[in-house]
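Please look through the sequence and the model below before reading on.

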Amino acid sequence: MKLRPFVLIAAGALSLAACDRPKGAHEDYPSPVDLATATGAPPPAVVPVEAPAPPPVREPEPITWDPASSRFVLNGAVLNTAYLWRFDGGLDGFASVGSRISSDPGGGLRVEQQNVDPVLRSPQNLSIDGRRYNAVLVRLTREKPGAKWDGALFYTTASHGESAEFHSKPIRGANPVVGETTIMVYDMARPKRGGDDWSASIISGLRLDLDDSADGAFLIRQIAVVSAPLPPPAAAAPLGPAQ
């Protein structure tokens with residue numbers, strides 16, 4: 001009979017200790033770490049987040065766009081221009097197969113590529129003197145990445161239509177990354193294919209192939225056909241006025 005108070009006190013202490021544990025807790029349940037150790041399962045792998053590719057390091061461009069004059073300039077001098085398309089509020093006669101094109105409210109031609117090998121064509125019957133105007137400039141910003149770059153520029157004359165035998169690739173500014181604005185420079189006097197055909201011809205139309213895939217998007221800000229003193233590919237001298 002004398003032990004009863006002690007038994008009651010001990011029972012009360014155990015009851016209070018049980019109340020201190022969260023509802024549903026069980027002292028025999030292993031922690032997640034103990035469970036992984038017991039079963040031999042490795043801890044969850046941490047998947048690293050891949051950082052976007054940095055833009056390529058490019059040399060300063062000698063040909064730039066001058067907003068004040070709304071022209072392309074070389075070393076401060078405005079380039080002699082046969083055609084300049086600025087896409088201010090319209091498509092300026094350009095058309096596409098394989099891309100959705102639209103006029104951007106802030107200026108420029110938005111190109112959203114939807115099919116493989118999409119093409120962008122200029123107006124026709126341009127009558128450009130190829131001997132006098134030797135370069136094509138395309139200032140653009142990439143808005144979406146593309147799986148495969150192309151960048152070819154084709155042209156037509158009275159003697160031939162669009163052909164792989166008569167095209168060129170940019171010597172500067174090719175394949176911008178997302179968010180990068182470049183000026184692609186096409187030396188049509190020394191094209192990739194065609195020899196001196198451009199220089200000996202009157203050019204009727206242009207065709208530009210950007211990505212060779214159906215996923216990229218660009219904002220073309222300006223396109224121009226100009227006369228520019230482009231050095232030969234092996235020349236070390238920068239672009240500048242002819243001496």
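**A walk through the predicted model**

Asp92 is placed in the loop between strand E4 (80-85) and E5, where helices (H or I, at least four residues) and strands (E, at least two) are DSSP runs, numbered from the N terminus. Although Asp92 is not a glycine, its phi is positive, at about 55 degrees. With 30% relative accessibility, Asp92 counts as partly exposed, given that buried means under 20% relative accessible area, exposed over 50%, and partly exposed in between (1.4 Å probe, protein chains only). Asp117, which is not a glycine either, has a positive phi of about 55 degrees, and it lies in the loop between strand E7 (109-113) and strand E8 (119-121). The relative accessible area of Asp117 is 35%, and this residue is partly exposed.

Two sentences on the basis of these values are needed here. This is a predicted model, in which local features need pLDDT of at least 70 and side-chain atom pairs count only at pLDDT 80 or more, while totals for chains, interfaces and linings use all residues. Residues are numbered from 1 along each chain as its sequence is written, and side-chain values use heavy atoms, with hydrogens and water left out.

Taken as a whole, the protein chain has two helices and 16 strands, and 37% of its 243 residues count as buried. The protein chain exposes about 14,300 Å², of which carbon and sulfur atoms supply 58%; accessible areas come from the Shrake-Rupley method with a 1.4 Å probe, and for residues only the protein chains shown count as cover. Among the contacts in the protein chain with a separation of 6 or more, 72% are between residues 24 or more positions apart, a contact being heavy atoms within 4.5 Å.

The sheets can be taken in turn. Strands E1, E2 and E3 form an open sheet of three strands in the order E1-E2-E3, with antiparallel pairing, where two strands pair if DSSP finds at least two bridges between them. Strand E1 (63-66) and strand E3 (77-78) stand at its edges with a single partner strand each, so one side of each is left without a neighbour in the sheet. Strand E2 (residues 71-74) pairs with E3 over two bridges in the antiparallel sense, and Leu74 has Ala77 in E3 as its bridge partner.

A second open sheet is made of five strands in the order E5-E8-E15-E11-E12, again with antiparallel pairing. Its edge strands, each of which pairs on one side only, are strand E5 (95-97) and strand E12 (167-168). Within this sheet, strand E11 (residues 153-156) and strand E15 (residues 205-208) run antiparallel and are joined by four bridges, with Leu208 in E15 as the bridge partner of Leu153.

Which strand is largely enclosed by the rest of the structure? Strand E10 (residues 135-144) has seven of its 10 residues buried, so it is largely enclosed. E10 pairs with E13 in the antiparallel sense over seven bridges, and Leu140 stands opposite Thr182 in E13. E10 is also joined by nine bridges to strand E16 (residues 217-227), with the two strands running antiparallel; here Ala217 in E16 is the bridge partner of Lys144.

The aromatic side chains come next. A search of the whole structure finds seven aromatic pairs; rings of Phe, Tyr and Trp (its six-membered ring) pair if their centres lie within 6.5 Å, and planes under 30 degrees apart count as stacked, over 60 as edge-to-face and the rest as tilted. One of the pairs is formed by Tyr155 and Phe166, which are edge-to-face at 6.2 Å centre to centre with 75 degrees between the planes. Tyr155 lies in strand E11 and Phe166 in the loop between E11 and E12, so this pair ties together parts that are 11 residues apart in sequence. Tyr155 also forms an edge-to-face pair with Trp198, at 5.1 Å centre to centre and 80 degrees between the planes. This pair links distant parts of the chain, since Trp198 is in the loop between strand E13 (181-187) and strand E14 (202-203), 43 residues apart from Tyr155. Tyr155 is buried, with a relative accessible area of 0%, and Trp198 is buried, also with 0%. Tyr83, Trp85, Phe87 and Phe94 form one aromatic cluster.
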